[in-house]
Amino acid sequence: MSADDVTRVRVRQRELGIPESFEWVAETTPSLRDAVERTGLVVHEHPLMVLGPEAPTRAVADVADGVVLRTVGPGDPVLPSALAVPYLAFAEPGTRTGPAGVPELDEAVRGRAGDGSVDRMAARILSGLTCVAAAVEDGRALCAGQHQPVGAVSEIVGVGTLPTARRRGLALAVTAVLVADARSRGVEAVFLSAGGEDVARIYARLGFRQVATALIAEPVE
């Protein structure tokens, strides 16, 4: 794919109202990076990790008293916060604690009310396209993530912890819940793209191993 090809795709993405982004595996399509960078997109590298069928399903890690780990149903009142909390987490990347806490989470939930995201996710949960899991405290998801099964393979996406709730083992525990759910559905291989090397070390504790590098190209913010 050339830079002209990438430009044509970006024009079509804008016409469709979808994000101008590309995701691919560096080792399988090495020439794509130069093409997308020549159009002005910024490329981010992420460890691509896999938990194969030979890896045992690990027990869910212990978390603090008052925190409940569970999957989230389509009509669950926790679903809005489970969808909002990753956005706050990704706005403050890494594993260190940060300033965004419960007030910011509540505000994010209010700000997303009525945008249709909860209804869309509820439909995906009902159809079996997505599983949402969360670490819940006082009726809110302090950490949440998803897996999206397709046959015998599923991708874990969007695992994020409220910045003030980090360093409590919540992301590891939520990921373990997602893996257990995926395995219960007959999934054999689970994969994910870690945010960075520090995050990859967390996933490695569950048995994930890096197999390649995921590249994500996006416009400059």
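Which side chains meet in a salt bridge of 2.3 Å, N to O? The side chains of D5 and R8 do so, where a salt bridge is a side-chain nitrogen of Lys or Arg within 4 Å of a carboxyl oxygen of Asp or Glu. The structure is a predicted model, in which local features need pLDDT of at least 70 and side-chain atom pairs count only at pLDDT 80 or more, while totals for chains, interfaces and linings use all residues. Residues are numbered from 1 along each chain as its sequence is written, and side-chain values use heavy atoms, with hydrogens and water left out.

By the salt-bridge rule the count comes to 12. Side chains of opposite charge can pair when their charged atoms come close. D5 and R8 are three residues apart in helix α1, and about one helical turn separates them. Helices (H or I, at least four residues) and strands (E, at least two) are DSSP runs, numbered from the N terminus. An α-helix has 3.6 residues a turn, so residues three or four places apart point the same way. D5 is partly exposed at 26% relative accessibility, whereas R8 is exposed, with a relative accessible area of 53%. Here buried means under 20% relative accessible area, exposed over 50%, and partly exposed in between (1.4 Å probe, protein chains only).

A further salt bridge joins the side chains of E20 and R10 (2.8 Å, N to O). This pair links distant parts of the chain, with E20 in the loop between α1 and β1 and R10 in helix α1, 10 residues apart. Both E20 and R10 are buried, E20 having a relative accessible area of 17%. Leaving out residues up to four places away in sequence, E20 touches R10, Q13, R14, L41, A217, E218 and P219, contact being defined as heavy atoms within 4.5 Å.

The side chains of R33 and E45 also meet in a salt bridge (2.7 Å, N to O). R33 lies in helix α2 (residues 32-37) and E45 in strand β2, so the pair ties together parts that are 12 residues apart in sequence. R33 is partly exposed, with a relative accessible area of 25%. Through shared partners, salt bridges join R10, R14 and E20 into one network.

The largest nonpolar core has 47 residues, and those with the most contacts inside it are L79, A134, I156, Y203 and F208. A nonpolar core is a set of buried Ala, Val, Leu, Ile, Met, Phe, Trp, Tyr and Cys residues joined through side-chain atoms within 4.5 Å. Helix α6 gives the most to this core, with eight residues. Apart from it lies another core, of 10 residues, among them W24, A35, V43 and A217.

In helix α7 (residues 197-204), V199, A200 and Y203 are buried. They cover an arc of only 105° around the axis, which puts them on the same side of α7; the arc is that of the directions from the helix axis to the C-beta atoms. The buried residues of α7 pack against β2 (42-51), β6 (153-161), α6 (170-184) and β7 (189-193).

One aromatic pair is counted. The ring centres of Y203 and F208 are 6.0 Å apart and their planes lie at 65°, so the pair is edge-to-face. Rings of Phe, Tyr and Trp (its six-membered ring) pair if their centres lie within 6.5 Å; planes under 30 degrees apart count as stacked, over 60 as edge-to-face and the rest as tilted. Y203 and F208 are both buried.
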